[in-house]
Amino acid sequence: MQAHDLSAGGGVLARVHDAAREAVRIHGLPDAEVTLVNVSENATYRVDDPATGARSILRVHRLGYHATPAILSELAWLEALREEAGVRTPRVLPAPDGSRVVTVPGAQPRDCVMFEFLPGAEPPRERLVPDFERLGAITARMHRHARSWPRPAGFTRFHWDYDAALGAESRWGRWQDGAGMGPEARAVLDRLDGELRERLNRFGRDAGRYGLIHADLRLANLLVVGDGTPSVIDFDDCGFGWYLYDLAAALSFIEHHPRVPEMIDSWVRGYRTVLDLPAGDEAEIWTFIMFRRLLLVAWIGTHTGVDIAAELGAGYTEGTCELAERFLSGAGGRRGTPLPG
């Protein structure tokens with residue numbers, strides 16, 4: 001798999017910015033200011049309308065990741081969560097013709113979605129442990145809703161199983177092509193890959209363990225104001241996967257933090273205020289953390305245009321090897337797995 005198009009260079013971001021301006025015009029805001037907020041799986045823009053003072057968020061999709069029906073399915077779930085489960089998610093702002101997904105024409109047409117602007121900021125690092133308890137409860141409410149929600153006709157989202165993440169499909173690329181991947185690192189991570197494959201196969205995919213998930217509940221996708229309940233944004237990766245993957249995603253890029261065991265305990269405590277989490281599931285938490293970590297090694301290798309990927313680079317691969325050795329040895333940790341740090 002090649003680096004996705006937003007990391008391809010060659011003036012691609014200038015073309016995406018042009019697509020953003022056209023999408024804003026289609027939305028009836030020809031004079032609005034369009035400012036790039038970040039580039040990750042997609043390009044996200046802040047839209048400021050000088051005529052009304054209103055602010056909104058525009059997402060310009062990367063090419064080849066989601067077809068329009070899949071985007072509409074994502075929007076259906078985030079709207080249902082807000083209306084039925086009390087999870088604050090951004091409202092979709094349709095174009096004047098009622099379209100929730102606007103396709104900007106061109107040599108490479110791009111789908112765009114406009115969202116309401118939600119206040120708040122990423123949870124502060126000094127409050128990680130108590131905030132993980134709230135996150136656990138919110139995640140459980142999302143899972144409870146997903147288990148009982150009658151999905152609309154035509155609902156389609158991809159899976160985050162082993163084959164999709166690390167196996168034949170390798171949606172974010174091959175971890176073997178990650179930054180700084182030398183022979184020693186590859187040998188360690190190949191052992192990790194095999195162990196994860198076996199553990200996930202044993203764990204299984206019954207309805208109590210596998211279903212519709214957010215799949216990217218990391219700190220950057222939570223917005224908090226003071227001590228209020230976090231808002232949940234960016235459902236672009238939502239799909240079908242193991243429920244415990246949502247905890248693993250919450251620990252993205254901080255898996256080595258010395259307080260991760262406390263964060264896990266806090267998350268589990270919050271989760272159990274809403275849903276049961278059997279001991280057998282809890283025992284496999286680090287399986288999913290390492291599953292996500294290895295997937296992120298692949299992601300960094302194919303997303304070189306994303307700031308955090310460029311910043312972490314080969315060091316993330318090296319740190320993954322260290323965590324993998326501890327995980328594979330099983331020495332020194334709880335739940336049959338090693339502690340980080």
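1. How much space lies in the second largest pocket? In this predicted model, the second largest pocket holds about 160 Å³ of space.

2. Lining this second largest pocket are V12, R15, V16, A19, V104, P105, G106, A107, Q108 and R110. Helix α1 (residues 12–26) gives the largest share of that lining, with four residues. By class, the lining of the second largest pocket has six nonpolar, two polar and two charged residues.

3. The largest pocket contains about 1200 Å³ of space. Its lining consists of 45 residues, and those nearest the centre of the largest pocket are N38, A220, N221, I233 and D234. Of the lining residues of the largest pocket, 22 are nonpolar, eight polar and 15 charged.

4. Several helices and strands contribute to the largest pocket. At least two lining residues come from each of the strands β1 (33–39), β2 (43–48), β3 (55–60) and β5 (110–116), and likewise from each of the helices α2 (68–84), α9 (285–302) and α10 (307–329). The largest share, four residues, is that of α10.

5. Both domain 1 (5–116) and domain 2 (127–329) take part in the largest pocket, each supplying at least three residues of the lining.

6. On annotation, an unreviewed UniProt entry lists residues 40–275 under "domain: Aminoglycoside phosphotransferase".

Conventions
Residues are numbered from 1 along each chain as its sequence is written. This is a predicted model: local features need pLDDT of at least 70, side-chain atom pairs count only at pLDDT 80 or more; totals for chains, interfaces and linings use all residues. Side-chain values use heavy atoms; hydrogens and water are left out. UniProt positions are given in the numbering used here, feature names are shortened, and annotations may be inferred rather than shown by experiment. On a 1 Å grid over the protein atoms alone, a cavity is a set of points where a 1.4 Å probe fits but cannot get out, and a pocket is an open set with protein on both sides within 12 Å along at least five of seven lines; lining residues have an atom within 4 Å of a point. Grid points are joined across faces, edges and corners, and a volume is the space filled by probe spheres set on the points. Ala, Val, Leu, Ile, Met, Phe, Trp, Tyr, Cys and Pro count as nonpolar, Asp, Glu, Lys and Arg as charged, and the others, Gly among them, as polar. Domain bounds come from an automatic or database domain assignment.
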